[in-house]
Amino acid sequence: MTYAAITGWGKCMPPATLTNEDLSKFLDTNDEWIVSRTGMKERRVSHVSATEMAVIAAKRALACAGIEGGQVDLIIYGSCSNDEQVPNCASGVQVAIGATKAASMDLNTACTSFLYSLTAATAMIRTGVAKTAIVIGVELISPFMDWDNRNVAVLFGDGCAAVVLQATDKQEGILGEELGCLADARQTLRVRGMGTAYTNRGVTSGDTEWDFDGQEIFKRAVQGMVQASQAVMKKCGVTPDDIDLVVPHQANLRIIDAVVSRSGIPMEKVMLTVQRYGNMSAATVPVALAESLEEGRMKPGALVLMPAFGAGLTVCAHLVRWGDRVTPLALSDAELPPVKKSALDMVQDIRARKHRDTSKAGLHGLTFIEQM
Ligand code: ACO
């Protein structure tokens with residue numbers, strides 16, 4: 001049987017940091033509320049495009065695995081905030097890393113995009129379609145955030161990480177996964193303004209409003225991730241005691257707490273980044289994975305549980321067996337260009353652009369969308 005081992009990892013975090021105090025300068029919010037309701041202290045705002053972050057992360061993951069771009073035969077770019085729709089973003093990464101013989105595709109299931117991409121790449125490796133893949137989780141949320149809506153503006157951040165998968169006959173990489181979509185709750189999270197339904201009506205990119213039912217998402221996310229985690233553990237014949245590390249989607253500390261405690265796993269086994277990066281959607285799991293390696297929390301042969309949810313509402317839980325190696329084979333010298341503005345200044349620029357465009361004519365009244 002062929003498996004798809006994770007042999008390289010690399011993250012790319014934009015340096016500009018937006019604190020809770022920064023947010024309270026233009027929103028009716030405060031550090032105490034944000035920390036007690038979400039666990040978040042700060043998040044990042046990117047000064048570069050999502051593809052640029054993805055290229056740096058991919059180069060670092062390649063160096064870590066000790067391979068060149070030319071050896072990659074599949075790139076999957078997991079994201080819901082693509083810089084462009086046509087051409088796809090994976091092809092941009094392909095050019096930058098010299099992966100001339102790779103197939104390249106974008107995959108969007110919102111916050112679960114990285115894990116769904118991991119499933120897709122693993123399946124293609126198992127069936128012989130590819131031998132070596134790069135899977136990216138990247139999100140550039142700041143340009144389409146509704147910065148004047150405190151219900152959502154405090155929750156999200158930008159970031160990226162990538163992994164390399166390589167075919168092996170050792171039992172490594174994904175051992176099992178559970179994927180699903182609670183589509184009856186798809187109305188609970190919608191970004192109005194992204195997509196042709198809106199651009200057809202003259203809506204400018206970035207002129208977005210978020211429909212966001214936080215309490216309903218919270219409830220469904222916890223139920224969905226607990227069920228998916230229990231199902232994948234049962235399918236693979238493992239118990240909560242067998243899990244060495246949990247690398248969950250980082251949408252809210254209280255959600256993570258509820259999921260692991262209901263799954264019978266202690267919080268000490270959980271890798272957390274939510275306090276410093278907020279919810280980076282598709283990037284949260286791979287960034288947390290990369291940091292678990294950087295911090296020495298990933299042990300050789302570890303059994304890792306990765307539960308996640310996203311808009312849709314997509315849900316999943318993956319069980320991964322780590323290999324023997326927990327250190328990079330080499331380091332890449334790829335770096336982002338320096339940032340010239342503070343995170344707060346970049347956010348204020350986005351807000352000013354949005355306020356200049358007062359036409360919101362196309363954001364509501366799309367009954368064909370609202371009924372689905
Ligand atoms: N600062 C201060 N007060 C706020 C803020 C804020 N940033 N946001 C909301 N409030 C207020 C509300 O207006 C409300 O006031 P009211 O009682 O006067 O009406 C009060 O705080 C309580 O709001 P609740 O909704 O009850 O707060 P809750 O404890 O449910 O926490 C939260 C809200 C953090 C959004 C929580 O519901 C949550 O995390 N939900 C899941 C969100 C999520 O994970 N989204 C990601 C979706 S998928 C993906 O990852 C892309």
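# Ligand shell and backbone features in a predicted model

User: How do the residues of the shell around the ligand divide into nonpolar, polar and charged?

Analyst: This is a predicted model. In total, 25 residues surround the ligand. Their shell divides into twelve nonpolar, nine polar and four charged residues.

User: Which helix gives the most to the shell around the ligand?

Analyst: Several elements each supply at least two residues of the shell. They are helix 2 (31–38), helix 6 (150–153), helix 8 (214–236), helix 9 (253–262) and strand 12 (303–310). The top supplier gives four residues, and that is helix 8.

User: How far is a polar side-chain atom of glutamine 215 from an oxygen atom of the ligand?

Analyst: A polar contact needs two N or O atoms within 3.5 Å. The side chain of threonine 29 has an N or O atom 2.6 Å from a nitrogen atom of the ligand. Asparagine 279 places a polar side-chain atom 2.9 Å from a ligand oxygen. For glutamine 215, the distance to a ligand oxygen is 2.5 Å.

User: What share of the ligand's exposed area does the protein bury?

Analyst: Start with the ligand taken alone, which exposes 1000 Å².

User: Which pocket does the ligand sit in?

Analyst: A molecule sits in a pocket if more than half of its atoms lie within 2 Å of the pocket's grid points. For this ligand, the answer is the second largest pocket.

User: Why is the pair of phenylalanine 144 and tryptophan 210 called stacked, and how many residues apart are the parts it ties together?

Analyst: The structure holds four aromatic pairs. In this one, the ring centres are 6.0 Å apart and the planes meet at 10 degrees, so the pair of phenylalanine 144 and tryptophan 210 is stacked. Phenylalanine 144 lies in the loop between strand 6 (132–139) and helix 6, and tryptophan 210 lies in strand 10 (residues 209–212), so the parts tied together are apart in sequence by 66 residues.

User: What is phi of alanine 110?

Analyst: Most residues other than glycine have a negative phi. Alanine 110 is in the loop between strand 5 (103–107) and helix 5 (113–126). Its phi is positive, near 60 degrees.

Conventions
Residues are numbered from 1 along each chain as its sequence is written. This is a predicted model: local features need pLDDT of at least 70, side-chain atom pairs count only at pLDDT 80 or more; totals for chains, interfaces and linings use all residues. Side-chain values use heavy atoms; hydrogens and water are left out. A residue is near a molecule or strand if one of its heavy atoms lies within 4 Å of it. A polar contact is a pair of N or O atoms within 3.5 Å; within protein, one must be able to donate a hydrogen and the other to accept it, and residues adjacent in sequence count only if both atoms are side-chain atoms. Accessible areas come from the Shrake-Rupley method with a 1.4 Å probe; for residues, only the protein chains shown count as cover. On a 1 Å grid over the protein atoms alone, a cavity is a set of points where a 1.4 Å probe fits but cannot get out, and a pocket is an open set with protein on both sides within 12 Å along at least five of seven lines; lining residues have an atom within 4 Å of a point. Ala, Val, Leu, Ile, Met, Phe, Trp, Tyr, Cys and Pro count as nonpolar, Asp, Glu, Lys and Arg as charged, and the others, Gly among them, as polar. Rings of Phe, Tyr and Trp (its six-membered ring) pair if their centres lie within 6.5 Å; planes under 30 degrees apart count as stacked, over 60 as edge-to-face and the rest as tilted.
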